[in-house]
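Dear colleague,

I am handing over the structure that we spoke about, with the sequence alongside.

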Amino acid sequence: TAEIIEKVQRPPPLCRPAVSADQAPLECIHLMKECWSEQPDKRPTIDQVFDQFKGINKGRKTNIIDSMLRMLEQYSSNLEDLIRERTEELEIEKQKTDKLLTQMLPPSVAEALKMGTPVEPEYFEEVTLYFSDIVGFTTISAMSEPIEVVDLLNDLYTLFDAIIGSHDVYKVETIGDAYMVASGLPKRNGNRHAGEIANMSLDILSSVGTFRMRHMPEVPVRIRIGLHSG
């Protein structure tokens, strides 16, 4: 800047940069200080500077362009590693997002949304729906801490989720203690939807018989199930 140039042109005091030993080789710092000597005859010539640089580089021939190219190559290599690392992190986050999206929406709808295409309503002629809730859930909630209610629902629905994986069904949603499943959509399965939901319901009933709450293991958990087919 103009201010620095003015300081260099009009001493005192002498304007010199401060370079610590960890910022450059000591030989380079010493050579730099020789080059800004106030006595011209003590300043090294270009040939002497070149010879000293050769010594610093252990006899390897070098020049400013070579040094710049090496620095650029190192920067490029570091940048490639950084880009690769960031790309891997982005891919991991993308997989997490895709997994969450497919858990919330049918795969076909999720793909359409990711592509930015409109999702058209679709009519299904044959489906069976399953609804269930926990009997006495209001009373259980009143006798429990909030985190205990969360643990109860998480444990129970994790159990349900594992069961429905072996049936041709699709979990629509869970709201509070309500659990909703459908068969025949989003993939049509002819007239098998009623049987799939019925068999799934029996498996869920069987599993609930041995299910126990963490905080109240002595209290049995019962569920109310309703089916609609049409």
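The notes below concern the salt bridges and the surroundings of their partners.

This is a predicted model, in which local features need pLDDT of at least 70 and side-chain atom pairs count only at pLDDT 80 or more, while totals for chains, interfaces and linings use all residues. Residues are numbered from 1 along each chain as its sequence is written, and side-chain values use heavy atoms, with hydrogens and water left out.

Taking a salt bridge as a side-chain nitrogen of Lys or Arg within 4 Å of a carboxyl oxygen of Asp or Glu, the count comes to 12 salt bridges.

One of them pairs Asp133 with Arg224, at 2.9 Å from N to O. Asp133 belongs to strand β1 (residues 128-134) and Arg224 to strand β4 (residues 223-229), so this pair ties together parts that are 91 residues apart in sequence; helices (H or I, at least four residues) and strands (E, at least two) are DSSP runs, numbered from the N terminus. Asp133 is partly exposed at 23% relative accessible area, and Arg224 is partly exposed at 45%, where buried means under 20%, exposed over 50% and partly exposed in between (1.4 Å probe, protein chains only).

Within helix α4 (residues 64-104), Lys96 and Glu93 stand three residues apart, about one turn of the helix, and their side chains form a salt bridge of 3.6 Å, N to O. Glu93 is partly exposed, at 43%.

Arg86 also bridges to Glu85, with the closest N and O atoms 3.6 Å apart. Arg86 is partly exposed at 45%, as is Glu85 at 40%.

Best regards
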